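Please open the model in your viewer and keep the selection panel at hand. The stops below follow one another as a sequence of selections.

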Amino acid sequence: MGILLALLCGFTVSLIMTSRRLHLYTPTRLTSFLGEQKLSVQACFTSGLLLTGTLYLVKAGDISRTVVLVTLGLVTISLSLRRLVYRILIYRRFERGVGTRNVLIVGTGPEAHALRHHLESIRHLGYTFKGFIDFHGTGTSFTASSGDVVGTLETMFEHARKQFVDEIFFTTPCERGIVQNVLEEARTQGVDLRMVPDMYDGLLWNSPIEYIGQFPTIPLHRGYVPEIGLLFKRVLDIALSALALLVLSPILLAIAIAVKLDSRGGRFSTLRSASARRAGIPLHQVSDHGSGRREAPRRSDAHERARWVLFKISNDPRITKLGRFSAQVFAG
């Protein structure tokens, strides 16, 4: 059993590392469905070869090779189906405008308009166009309409903050120094920066090309997501919440029993039950909210409706004896 657990853990780690090396954890918008499935099968096959090689080296003859092959097949099919289902669900979210990334496009030339049309026509890419950034000196007569241009290069990051922009696309060539300054500011602001390919005097020679649909782009900066840290934070949140509930459960149970013995109905007061009790209370018993002062009905119906939203009465039947005692204790 110890050998089996060790092999299972090794296979899992190998599969995760191989998948990461094959860039299977990149956003779905950057990969095609068939390409993702091909890489997923390749990762499972590579990890399976490492597993069988380990079995041969440790001479684990009592472990059935049939079981190993069936396990590899089931893992491959399961991962492929999971990726397919996830892609379908994320596409549906993108079509509803949920979880998309807001983008600005630098430039107003034909390339910028073509990129905008591409992003808006293919909704499953998951991008929402937020405007053009006018960049003077590009030498193009193809301009955007005034409503689409939201700013200039000098005010670009100000608009990016206002419109919660996630990525900026450069579609117009400019000097290396300008690109370098924008890149440094993007890193400071936490905004991703992409270029529609142009070598920019050698600045992008070692950068990979990623396709957004059919548009080639070159990522200059991508925000780092601490996946391991987020995983540990989630586990810690669940563990501490469960521990707190376990420690406080006797107190909560005692409170629930006391409330049940002291009042009719359930242990929780719903909006419907509160409204029903309010409907049976004479209006003259209602005091002005927060003042404890009884008043006659107001002349304005609108004011009366607003007054009934948060109402306060003496000897409120919604308050149990335990609740009234607790309020007196905390009030001093």
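This is a predicted model: local features need pLDDT of at least 70, side-chain atom pairs count only at pLDDT 80 or more; totals for chains, interfaces and linings use all residues.

Begin by selecting R101 and D192, whose side chains meet in a salt bridge at 2.8 Å, N to O, the term standing for a side-chain nitrogen of Lys or Arg within 4 Å of a carboxyl oxygen of Asp or Glu. R101 lies in strand β1 and D192 in strand β5 (residues 192-195), so the pair ties together parts that are 91 residues apart in sequence; helices (H or I, at least four residues) and strands (E, at least two) are DSSP runs, numbered from the N terminus. D192 counts as buried at 11% relative accessibility, where buried means under 20% relative accessible area, exposed over 50%, and partly exposed in between (1.4 Å probe, protein chains only).

Residues are numbered from 1 along each chain as its sequence is written, and side-chain values use heavy atoms, with hydrogens and water left out.

Next, show strand β1 (residues 101-106) and strand β2 (residues 127-134), which run parallel and are joined by 5 bridges; strands pair if DSSP finds at least two bridges between them. Here V106 stands opposite I133 of β2. On the other pairing of β2, 3 bridges join this strand to the parallel strand β3 (residues 149-152), and T152 in β3 is the bridge partner of D134.

Now select helix α4 (residues 110-121), which makes a right-handed β-α-β unit with β1 and β2; right-handed means that, with the strands pointing away from the viewer, the path from the first strand over the helix to the second runs clockwise. Within α4, R116 and E120 are 4 residues apart, about one turn of the helix, and form a salt bridge with their closest N and O atoms 3.4 Å apart. E120 is partly exposed, at 37% relative accessible area.

Move on to helix α5 (residues 156-162), where E158 and K162 also lie 4 residues apart and their side chains meet in a salt bridge of 3.4 Å, N to O. E158 counts as partly exposed at 36%, whereas K162 is exposed at 55%.

Finally, select helix α7 and find I251, which counts as partly exposed at 48% relative accessibility.
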